[in-house]
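Please keep the structure in view while going through them.

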Amino acid sequence: MKRALAFLSLLVIFAGLMVALSPKYGIKFGFGGEDWLKYRYTDDYYIKHGVEEVGGNNIVTDIVFDYRGYDTLGEATVLFTAIAGAIALLRPWRREGNE
């Protein structure tokens, strides 16, 4: 019974994702369509002005480290905090008698 319920739950989640991602009924912001081009203005800006403003040769690293530097710093902070928390939770506990 639990296996059937788990399978049914996954099926409902998958169907919901398929409806949400379908271009006719779901999220309209996605690949293709006329509306997609008007939201891609930042791509053209980064490609045209990235070399002059930043001076780097690789546009990907220019975007990650210069245009989105604070975002990258925040992601690194969250990742470090998650790893430190996981290490703190998974390390073996010391008992006072074993020292």
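Predicted model: local features only at pLDDT ≥ 70, side-chain atom pairs only at ≥ 80, totals over all residues.

1. How many helices and how many strands does the secondary structure of the chain come to? The chain has five helices and zero strands, and from the N terminus on its elements run α-α-α-α-α. Helices (H or I, at least four residues) and strands (E, at least two) are DSSP runs, numbered from the N terminus.

2. Residues are numbered from 1 along each chain as its sequence is written, and side-chain values use heavy atoms, with hydrogens and water left out.

3. Of the 99 residues of the chain, 7% count as buried. Buried means under 20% relative accessible area, exposed over 50%, and partly exposed in between (1.4 Å probe, protein chains only). The accessible surface of the chain comes to about 9,400 Å², and 67% of it belongs to carbon and sulfur atoms. These areas come from the Shrake-Rupley method with a 1.4 Å probe; for residues, only the protein chains shown count as cover.

4. Helix α1 covers residues 2-21. The expected span is 1.5 Å times one less than the number of residues. The helix is hardly covered, as the count of buried residues in α1 is zero. Leu11 has its place in α1 and is partly exposed, because its relative accessible area is 45%.

5. Is Asp62 buried or exposed? Asp62, which lies in helix α4, counts as buried because its relative accessibility is 5%. Not counting residues up to four places away in sequence, Asp62 touches Gly50, Val54, Gly56, Asn57 and Tyr67. Contact means heavy atoms within 4.5 Å.

6. Asp66 also lies in helix α4 (residues 59-67), but it counts as partly exposed because its relative accessibility is 46%. The C-alpha atoms of Asp66 and Glu53, 13 residues apart along the chain, are separated by 9.6 Å.

7. The unreviewed UniProt entry annotates residues 76-93 as "transmembrane region". UniProt positions are given in the numbering used here, feature names are shortened, and annotations may be inferred rather than shown by experiment. In the model, residues 76-93 are 83% helix and 0% strand, with the end C-alpha atoms 27 Å apart.
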